[in-house]
Amino acid sequence: MVAHTYLAVLEPSAEGVRVSFPDVPDCLSSGVDAADAIARAEQALALHLDAIARQGQPAPQPRSLSELAAVQPHPRPGSGVLWVRLGAPPPDASGVLHLPDEVLTVVDHVGADLGLSRAGVVALAMRSLMQGRVRCLVA
C-alpha cells in the first residue's frame, strides 16, 4: 500500500466528535470522545480508500497544509485537526518520543483527567501550541 497522509478535522457534535477529511469528502466518522473518534476515523479512512482501490480508482491526492489553509473554512470553536497516515511510514520517520519521567507523570495525570492516551495529550498540547500559528486549520 502506498502511504498517504490526510488531514482530519475534528468538530464537536451532539453525539460527541465528528471527523471529516477535506481531501476525502465522502469519508466521515464520529465517536463519543476525541480518542474514540480518532480511532474510528482511521478505520473509516482505511476502509474508504480500500473501497476506492477495489473499484480501480486512485486514492485522492492529499493536499499540503498551505493548500488546505487557503480553501478550508475557519473551524468552529472546539474544533481541531490531526494528520492521519495510512500505509508504511517513511524510512526516516519515528514514532518514539523520549520525555523525562517527571514530564510523563504529568502527561499521565492530564491524560487520566481528560480520558486521553499519552499520544492524545501530546497531540492536544501541540494543537494548543500551534493555535494561531497555522492559519484557519487549528481551532
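User: Why does Glu11 count as buried?

Analyst: In this predicted model, the relative accessibility of Glu11 is 16%. A residue is called buried when its relative accessible area is under 20%, so Glu11 counts as buried.

User: What makes the contact of Glu11 with Arg18 a salt bridge?

Analyst: The closest N and O atoms of Glu11 and Arg18 are 3.4 Å apart. The cut-off is within 4 Å, from a side-chain nitrogen of Lys or Arg to a carboxyl oxygen of Asp or Glu, and therefore the pair qualifies. Arg18 itself is partly exposed, because its relative accessibility of 33% lies between the limits of 20% and 50%. A search of the whole structure finds 5 salt bridges.

User: How do you know that the span of helix α1 agrees with its number of residues?

Analyst: Helix α1 covers residues 34-54, which is 21 residues.

User: Why are the buried residues of α1 said to line one face of the helix?

Analyst: The buried residues of α1 are Ala37, Ala41, Ala44, Leu45, Leu49 and Ile52. Seen down the helix axis, they fall within an arc of 125°, and therefore they line one face. Strands β1, β2, β3 and β4 are among the elements that cover these residues. On the other side of α1, Gln43, Leu47 and Arg54 are exposed.

User: Why is Arg54 called exposed, whereas Asp50 is called partly exposed?

Analyst: Arg54 has a relative accessible area of 63%, and exposed means over 50%, so the term applies to Arg54. Asp50 has 38%, which lies between 20% and 50%; therefore Asp50 is partly exposed. The side chains of Arg54 and Asp50 meet in a salt bridge, at 3.0 Å from N to O. Both residues lie in α1, 4 residues apart, or about one turn of the helix.

Methods. Residues are numbered from 1 along each chain as its sequence is written. This is a predicted model: local features need pLDDT of at least 70, side-chain atom pairs count only at pLDDT 80 or more; totals for chains, interfaces and linings use all residues. Side-chain values use heavy atoms; hydrogens and water are left out. Helices (H or I, at least four residues) and strands (E, at least two) are DSSP runs, numbered from the N terminus. The expected span of a helix is 1.5 Å times one less than its number of residues. Buried means under 20% relative accessible area, exposed over 50%, partly exposed in between (1.4 Å probe, protein chains only). The arc is that of the directions from the helix axis to the C-beta atoms. Contact means heavy atoms within 4.5 Å.
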